[in-house]
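Q: I have a structure to look at, and I would like to learn how to read its features one by one. Could we go through them together?

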Amino acid sequence: MNPFIIISASLGYATESVFGFGGSIVTFLLLTQSIPAKEAVSLLPIFAIAGSLFIVISDYRSVMWVFIGKVLLFVLPGLLLGSFFMSYVPELTFRLFVLSIIFIYGVNLIRGKDPTIPPRWSIPLYITGGFIIGATSLGVFLVPVIGSRLKGQRVYRASLGFLWLATAVARLYLYMMQGILSTEGVMNALPAVPFLLAATLIGYYIHRMIPEAHYKKYVGIAIILTACVNTVSLFV
């Protein structure tokens with residue numbers, strides 16, 4: 001049992017439960033203080049399945065099933081390509097790439113507005129978002145792309161939870177088939193699941209107490225600060 005992995009996953013998915021997103025981001029940023037970025041990414045689908053499943057079950061009536069299902073039709077092919085791409089990128093380049101995406105995403109959250117996406121760009125952006133999920137195990141690109149379609153705090157949280165659950169199952173299968181994630185890695189991650197679920201339950205109650213107007217800004221600030229710390233740590 002690795003206490004560091006348990007703490008990282010628990011904090012990450014407490015965040016996921018509160019905001020509907022950010023679980024993989026926070027977990028990645030914490031894990032990479034101790035383990036390589038690619039190893040951290042390979043563990044994220046395991047945590048995402050446990051944490052996102054709880055979110056969907058706790059608020060399944062709020063999920064936009066049809067819309068998310070359509071998004072997945074285009075996300076999954078991109079995800080497949082991204083999972084193959086991941087193994088060819090050098091470790092340092094890969095980590096800097098992921099941190100850059102997280103930093104940009106955090107800035108967008110603090111701005112508090114999701115971009116308006118013309119309909120003709122939707123499918124290419126869904127495929128691109130799937131590629132980034134497959135390559136980095138992070139859904140940060142898709143959140144601003146589909147966020148404007150998810151009206152209401154509970155719809156936002158539950159619908160993203162279903163999207164992350166579906167893509168996590170696909171990533172887990174692909175990463176294991178390609179040897180990115182080993183059986184040993186799975187066994188290292190599994191002890192964190194009970195603690196992660198407890199943290200997710202706590203986050204569920206906190207979620208209901210946060211004003212809708214501010215909840216995205218709070219997590220954006222936290223993500224930017226943590227990404228900056230991770231970036232600096234590469235060069236000290």
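Q: Which residues is L163 in contact with, once its neighbours within four places in sequence are left aside?
A: In this predicted model, and with those sequence neighbours set aside, L163 is in contact with I68, V71, L72, L142 and I146. L163 also belongs to the largest nonpolar core, which has 62 residues, and the residues with the most contacts inside that core are F28, F47, I146 and L163.

Q: Is S8 buried or exposed, and where is S8 found?
A: Relative accessibility is the value to look at here, and under 20% a residue is called buried. S8 is found in helix α1, which covers residues 3-19, and S8 counts as buried because its relative accessibility is 2%. Not counting residues up to four places away in sequence, S8 touches T27, L30 and L31.

Q: How many residues of helix α2 are buried?
A: Helix α2, residues 23-31, is mostly covered, since eight of its nine residues are buried. These buried residues are G23, S24, I25, V26, T27, F28, L29 and L31. Among them are T27 and L31, which S8 touches, and also F28, one of the residues with the most contacts inside the largest nonpolar core.

Q: What is the volume of the second largest pocket, and which residues are the closest to its centre?
A: Rolling a probe the size of a water molecule over the atoms shows where empty space is left. In this model, the second largest pocket has a volume of about 200 Å³, and of the 10 residues that line this pocket, the closest to its centre are I104, Y105, V140, F141 and P144. Both α5 (91-111) and α7 (142-146) supply at least two residues each to the lining, and the largest share, four residues, comes from α5. By type, the lining of the second largest pocket divides into nine nonpolar residues, one polar and no charged.

Q: How far apart are I221 and G106, in sequence and in space?
A: I221 and G106 are 115 residues apart in sequence, whereas from C-alpha to C-alpha they are 6.5 Å apart in space. I221 has its place in helix α11, and I221 counts as partly exposed because its relative accessible area is 42%.

Q: What pLDDT does the protein average, and which helix has the lowest mean?
A: The protein averages a pLDDT of 82, with 86% of the residues scoring at least 70. Among the elements, helix α11 (residues 215-233) has the lowest mean pLDDT, 70, while helix α4 (residues 65-86) has the highest, 93.

Conventions
Residues numbered from 1 in each chain as written. Predicted model: local features only at pLDDT ≥ 70, side-chain atom pairs only at ≥ 80, totals over all residues. Heavy atoms only, no water. 1 Å grid on protein atoms, 1.4 Å probe; cavity = no way out; pocket = protein on both sides within 12 Å on 5 of 7 lines; lining within 4 Å. Points joined across faces, edges and corners; volume = space filled by probe spheres on them. Nonpolar A, V, L, I, M, F, W, Y, C, P; charged D, E, K, R; others polar. pLDDT = per-residue confidence, 0-100. Core = buried A, V, L, I, M, F, W, Y, C linked by side-chain atoms within 4.5 Å. Buried < 20%, exposed > 50% of the residue type's maximum accessible area, 1.4 Å probe, protein only. Contact = heavy atoms within 4.5 Å.
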